[in-house]
Amino acid sequence: MRVLNYLELESELQRSGIGTAARHQRKALADTDMQVVTSPWNGGSLGTAATKRAVGDPLFESYDLAHCNLVGPGTVAVARHAKRNDIPLVLHAHTTHQDFAESFRGSTTVAPAFGKYLKWFYSQADLVLCPSEHTKSVLDSYPIDAPVRPITNGVDIESLEGFESFREEYRERYDLDGTIVFSVGNVFERKGLTTFCRLAETTDYEFAWFGPYDTGPLASSTVRKWVRNPPENATFTGWVPDIRGAFGAGDIYLFATKSETQGIAALEAMACGKPVVIRDLPIFEQFYTDGVDCLKCDGLAEFREAIDRLSNDAELRERLGENARETAREHSFDRVAEELTDAYETARQVARGGSTTGTGDTEVITD
């Protein structure tokens, strides 16, 4: 089977969680016998396709199933093309209106209207994929007029190999010393920015957030405030050349996010054996166990206590880190490939008017 795995605005989203999830899908599918194309446009781009269309060639690439990872106009065009031509359509719900809020300037205001759009958009699918059972429950509450199935985003354990060797280089690069409490990823208030900074203000540890941030017109006032005037013991690195450096330099991973669909960066920290402190959200009940592979917290006092415990207890750090590695292994690319293959077969069955879960014997190569 020839599968379109499409991420609209891919070049702009390379450093985002959605971009990472799409890369994980393609890496997982590369070890199957599917044939994967990544652009829906004939010739690889909309401009080339339009030129070809002018001389009578088709606008769209040929594919047997469409799997789309974003919700923009290009993806709407692919969805309409798929429905017009009876091509099974899988839409991946990386975004809900709840986790859209507090991402950039104005996002909280438009989130309710965005939720109505998402309800319409996802309802076009033969199958909607999402990263967790909690996200499924959110989509079911809209409700979505399509079957919804949770599937892990996975974690690229192999790409993190050798992270330890970056420790001194990245500590020196960003002038870090002692116990480093760190976060990884784009800097948004939704990701727990204020909690991160308040903790820095009330503890003696060094804090480092490895990842890009925006202070331009689209940035929220909260992001501009903290990255321009951070606490004295907090560092915002901006983009880093090798993400392994973040996991090498840091000691305690802080994931104070307020809303999430899964949280790939937390899985990456776990894959590196880092002790992880996360906010106690319903989304994480499916994945992580307090006191086994992480410490779950609610409120500044609990976060401070957890960080102090980990800083002062090497045995606890080691135990949580080892268990975290085991948790990360449960999200291997083998599992992603198996779940995607089964999902595609289900979408084919639904498109034909059935509703079986299927196991599938589909076929993939990467463009």
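This briefing covers charge pairs, cysteines, backbone geometry and one surface patch. The model is predicted. It holds 18 salt bridges. A search of the whole structure finds zero disulfides. A negative surface patch is formed by seven named acidic residues, D280 and D308 among them.

- D156 forms a salt bridge with K27, and the closest N and O atoms are 2.5 Å apart.
- D156 counts as buried because its relative accessibility is 10%.
- K27 is at 43% relative accessibility, so this residue counts as partly exposed.
- E260 pairs with K191 in another salt bridge, with the closest N and O atoms 2.9 Å apart.
- E260 and K191 also link distant parts of the chain, 69 residues apart.
- Both partners are in loops: E260 lies between strand 10 (252–255) and helix 11 (264–271), and K191 lies between strand 7 (180–184) and helix 8 (193–201).
- E260 is buried, since its relative accessible area is 9%.

- The side chains of R329 and E326 meet in a salt bridge at 2.3 Å, N to O.
- Both residues lie in helix 13 (residues 314–329), three residues apart, about one turn of the helix.
- R329 has a relative accessible area of 44%, so R329 is partly exposed.
- E326 also counts as partly exposed, because its relative accessibility is 45%.
- R167, R171 and D251 are linked in a network of salt bridges.

**Cysteines**

- No disulfide turns up anywhere in the structure.
- The closest cysteine sulfur to that of C68 is in C130, and the two are 16 Å apart, so they are too far from each other for a bond.
- C68 counts as buried because its relative accessibility is 0%.
- C130 is buried too, with a relative accessible area of 0%.

**Negative surface patch**

- The patch is made up of D280, E285, D290, D298, E302, E305 and D308.
- D298 lies in the loop between strand 12 (295–297) and helix 12 (300–312).
- D298 counts as exposed because its relative accessibility is 54%.

**Backbone geometry**

- Y142 and P143 are joined by a cis peptide bond, with omega about -5°.
- P143 lies in the loop between helix 6 (133–140) and strand 6.
- D86 has a phi near 55°, a positive value in a residue other than glycine.
- The loop between helix 3 (73–84) and strand 4 (89–92) is the place of D86.
- At 69% relative accessibility, D86 passes the 50% cut-off and so counts as exposed.
- D175 is another non-glycine residue with a positive phi, near 55°.
- D175 lies in the loop between helix 7 and strand 7.
- D175 is exposed, because its relative accessible area is 64%.

- V155 counts as buried because its relative accessibility is 2%.
- V155 and M34 are 121 residues apart in sequence.
- In space, the C-alpha atoms of V155 and M34 are 21 Å apart.

How values were computed: Residues numbered from 1 in each chain as written. Predicted model: local features only at pLDDT ≥ 70, side-chain atom pairs only at ≥ 80, totals over all residues. Heavy atoms only, no water. Patch = residues over 30% accessible without salt bridge, like charges linked within 9 Å, V, L, I, M, F, W, Y side chains within 5 Å. Areas by Shrake-Rupley, 256 points an atom, 1.4 Å probe, with all protein chains shown as cover. Salt bridge = Lys/Arg side-chain N within 4 Å of Asp/Glu carboxyl O. Lys, Arg positive; Asp, Glu negative; His and termini not counted. Charge placed at Lys NZ, Arg CZ, Asp CG, Glu CD. Helix = DSSP H or I, 4+ residues; strand = E, 2+ residues; numbered from the N terminus. Buried < 20%, exposed > 50% of the residue type's maximum accessible area, 1.4 Å probe, protein only. Disulfide = S-S within 2.5 Å.
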